[in-house]
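Here is a friendly walk through one protein model, written for someone who likes to look at side chains. Keep the viewer open as you read.

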Amino acid sequence: MLQQFYPQPAPHPYRFELNKDMNFSTAHFISNEKAGKCSFTHGHTYFVNLTIAGDELDEMGMLVNFSDLKKLVHGRYDHQLLNDFPEFEKLTPSTEVVAQTIYELVANYLDTLSNKPICLQVLVRETPTSYVIYRPQFNEGNEKHE
């Protein structure tokens, strides 16, 4: 069980905000000699926190089903080599890129839901002492920048 405190996204106008914690074990390498030891294949157990917000609940009274979020991330990446995925073909799977990629997966899924929740942030903890937060840029009307 995760007992973590997470940095909060900026204040927002939405009535509901949920957070989903999960983890997945995976391996990756960074194809750059400047990466040092990280240029060799090595593994991590990434801990991920998704922050989702919205005003409308679905027919089950949920903003989004937690198990659907877990399938999107854990179901895709657990016990895999990240470098083998098409989304990392041109991008190195650094923790920053992993966080952004998870955001894109989640945001694309949320766009298909009739109640239109949005992903405010993705936190990816790579080690006990390092983590990355990815937050999309929003304009004043809370619409995503493209």
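This is a predicted model: local features need pLDDT of at least 70, side-chain atom pairs count only at pLDDT 80 or more; totals for chains, interfaces and linings use all residues.

Residues are numbered from 1 along each chain as its sequence is written, and side-chain values use heavy atoms, with hydrogens and water left out.

## The aromatic residues

A search of the whole structure turns up 5 aromatic pairs. Rings of Phe, Tyr and Trp (its six-membered ring) are paired if their centres lie within 6.5 Å; planes under 30 degrees apart are called stacked, over 60 edge-to-face, and the rest tilted. One of the pairs is formed by Phe 24 and Tyr 46, which is tilted, with 5.4 Å from centre to centre and 35 degrees between the planes. This pair links distant parts of the chain: Phe 24 sits in strand β1 (residues 16-28) and Tyr 46 in strand β2 (residues 42-54), 22 residues apart. Helices (H or I, at least four residues) and strands (E, at least two) are DSSP runs, numbered from the N terminus. Both Phe 24 and Tyr 46 are buried. Here buried means under 20% relative accessible area, exposed means over 50%, and partly exposed lies in between (1.4 Å probe, protein chains only).

Tyr 77 and Phe 88 make another tilted pair, at 6.2 Å centre to centre and 50 degrees between the planes. This pair, too, links distant parts of the chain, with Tyr 77 in helix α1 (residues 66-77) and Phe 88 in the loop between β3 (80-81) and α2 (95-110), 11 residues apart. Tyr 77 and Phe 88 are each buried.

Which residues form one aromatic cluster? They are Phe 24, Tyr 46, Tyr 77, Phe 85 and Phe 88.

The axes of α1 and α2 come within 10 Å and cross at roughly 140 degrees. That makes α1 oblique to α2. The axes are lines fitted to C-alpha atoms, for helices over the stretch in contact, and angles run from 0 to 180 degrees between N-to-C directions. Angles under 35 degrees count as roughly parallel, over 145 as roughly antiparallel, 65 to 115 as roughly perpendicular and the rest as oblique. The crossing of α1 and α2 is right-handed; a crossing has that hand if the near helix is turned clockwise from the far one by less than a right angle, and is left-handed if anticlockwise.

On the α1 side, Asp 68, Leu 69, Leu 72, Val 73, Arg 76 and Tyr 77 meet Thr 101, Ile 102, Leu 105, Val 106 and Tyr 109 of α2. Contact here means heavy atoms within 4.5 Å. The residues of this contact divide into 8 nonpolar, 1 polar and 2 charged. Ala, Val, Leu, Ile, Met, Phe, Trp, Tyr, Cys and Pro count as nonpolar, Asp, Glu, Lys and Arg as charged, and the others, Gly among them, as polar.

Leu 105, in helix α2, is partly exposed, with a relative accessible area of 23%. Setting aside neighbours within four places in sequence, Leu 105 is in contact with Leu 72, Arg 76 and Tyr 77. Leu 105 and Leu 69 are 36 residues apart in sequence and 9.5 Å apart in space, C-alpha to C-alpha.

## Single residues worth a click

Val 98 also belongs to helix α2. Is Val 98 buried or exposed? Val 98 is buried, at a relative accessible area of 1%. Not counting residues up to four places away in sequence, Val 98 touches Phe 24, Leu 82, Phe 88 and Pro 93.

Glu 56 is in the loop between β2 and α1 and is partly exposed, at 47% relative accessibility. Apart from neighbours within four places in sequence, the contacts of Glu 56 are Arg 15, Leu 63 and Asn 115.

The table lists C-alpha separations for some residue pairs.

| Pair | Apart along the chain | C-alpha separation |
|---|---|---|
| Val 98 and Leu 82 | 16 residues | 8.8 Å |
| Glu 56 and Asn 115 | 59 residues | 5.4 Å |
| Asp 21 and Pro 136 | 115 residues | 19 Å |

Finally, look at the backbone of His 79, which has a positive phi of about 60 degrees although it is not a glycine. His 79 lies in the loop between α1 and β3 and is exposed, with a relative accessible area of 64%. Lys 116 has a positive phi as well, near 50 degrees, in a residue other than glycine. Lys 116 is located in the loop between α2 and β4 (118-127) and is partly exposed at 48% relative accessibility.
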